[in-house]
Amino acid sequence: MIYYREKINGFTDTFHNCSVIVLVSQNYNLLQKEAQKISDTIAGPKADDEMRITRYFNREINEKKQDILSSLRTKSFFPGRQIILLSGLSEKDCKIIKEIDAEWQNDDAITIVMMNELSGNSAFKKSVASSTRVNLIIYPKQKIDDEFLMGKLAGEGMNFDGKEILDIITDFAKFTPEAIFEREFEKLVLFKLNDNKPLSVDDFFNIISVNYEINELSLAVALAERNIVELEKGLNAFYSQGKSPIYILQFVFAYFYKLSLIKLHGPNSFDAKREYPFLRSNDLERAKIHAKKWSLDQISRVADALTISDLKLRKYSSLFQRSILTQCFHKILTI
């Protein structure tokens, strides 16, 4: 079955009888949250701690197909449903979903797949339209307007100071990736926690990162230029400032994605210009050079490394985060 939804709330009862649940969105943070909700519903909130979730990432999904199929019937020492999580599956590798469904029997592990996008004439989409065991959930890109923002602010119990603040947030959202917009909105929510005053324009400009920070860009540049000395300097500076490793990683991801858009569409294209970070003058000229040096395959491998590290950062305690981030960046230097 195919569903077009913004959230899976109130929609989870049908998942227990599915062989595969496929989530499609360009908003990676949303996919993570939705996959977690589904996993908790099917296997319970302790599934991760009880090692009942098996994860496979990006390129290794195709390489480890037999391991994935074997995992369908692998039993845990703990009672409860098993989950197989496939993160970053590409459309060309969708045939593994059909193979999982063909092998699947009642009480086997349920597979949750996270995908970035499907083409408009996707053969896979057509093939699952009438399936009763494979659910395809497509999350349309949210149209951010006054009505949406008022509902979102109300949902967080926040008042706002006139229409001007709505217009400013809307303009910001138009040229910001969904994942980054959500992160910045969460910063606003935390800022106004236990504050009954309406959200104002000043609040927005005091909290939102409208432009990139110099240090973040310097770190991304050091990676793109494979400059290990500057990279180590940048990392030490970040840790001394107490900045979140996840935030650092997300900025690097955004920068390399920007390079891919420059490479595909040109630096002056609308596709490249609208994506965060918004590069200007010397920074843009340097990014053009980086886009020439890095192939699309290399950038794809960088994205794979960043995705895996992002999941590890969210899974392990803060004691391991510096090591995880450092290892990720050193791996990128060798790509």
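Predicted model: local features only at pLDDT ≥ 70, side-chain atom pairs only at ≥ 80, totals over all residues.
**Nonpolar cores**

The largest nonpolar core of the model comprises 44 residues, and the residues with the most contacts inside it are Y255, F256, F329 and I332. Two or more residues are given to this core by each of the helices α10 (214-224), α11 (228-241), α12 (245-265), α14 (281-293), α15 (296-315) and α16 (321-333). Of these elements, α12 contributes the largest share, which amounts to twelve residues. Apart from this core lies another, made up of 25 residues, among them V22, L86, F124 and V134.

When neighbours within four places in sequence are left aside, F256 is in contact with A220, L223, A224, W294, I299 and V302. F256 counts as buried because its relative accessibility is 2%, below the 20% limit used for that class.

**Aromatic pairs**

Three aromatic pairs are present in the structure. A pair of aromatic rings is described by the distance of the centres and the angle of the planes, and the table gives these two values for two of the pairs.

| Pair | Centre to centre | Angle between planes | Class |
|---|---|---|---|
| F181 and F185 | 6.3 Å | 35° | tilted |
| F256 and W294 | 5.2 Å | 80° | edge-to-face |

W294 is buried, with a relative accessible area of 0%. Ring pairs also bring in Y255, so that Y255, F256 and W294 are linked into a cluster.

**The cavity**

How many cavities of 30 Å³ or more does the structure hold? There is one of that size, and the volume of the largest cavity is about 30 Å³. Its lining consists of I169, F172, F181, E184, F185, L188, F204 and I208, a set that includes both rings of the tilted pair F181 and F185. At least two lining residues are supplied by each of α7 (163-174) and α8 (178-191), and α8 gives the most, with four residues. By residue class, the lining divides into seven nonpolar residues, no polar residue and one charged residue.

F15 is placed in the loop between β1 (2-4) and β2 (20-24), and F15 is buried, with a relative accessible area of 0%. Leaving out neighbours within four places in sequence, the contacts of F15 are with I21, I38, I42, I110, N135 and I137. One of these contacts, I110, is 95 residues from F15 in sequence, while the C-alpha atoms of F15 and I110 are 8.7 Å apart in space.

T111 is found in strand β5 (residues 110-115). Is T111 buried or exposed? T111 is buried, because its relative accessible area is 0% and the class requires a value under 20%. With neighbours within four places in sequence again left aside, T111 is in contact with S19, V20, I21, L72, I84, L86 and I100.

Definitions and conventions
Residues numbered from 1 in each chain as written. Heavy atoms only, no water. Core = buried A, V, L, I, M, F, W, Y, C linked by side-chain atoms within 4.5 Å. Buried < 20%, exposed > 50% of the residue type's maximum accessible area, 1.4 Å probe, protein only. Contact = heavy atoms within 4.5 Å. 1 Å grid on protein atoms, 1.4 Å probe; cavity = no way out; pocket = protein on both sides within 12 Å on 5 of 7 lines; lining within 4 Å. Points joined across faces, edges and corners; volume = space filled by probe spheres on them. Nonpolar A, V, L, I, M, F, W, Y, C, P; charged D, E, K, R; others polar. Phe/Tyr/Trp six-rings, centres within 6.5 Å; stacked < 30°, edge-to-face > 60°.
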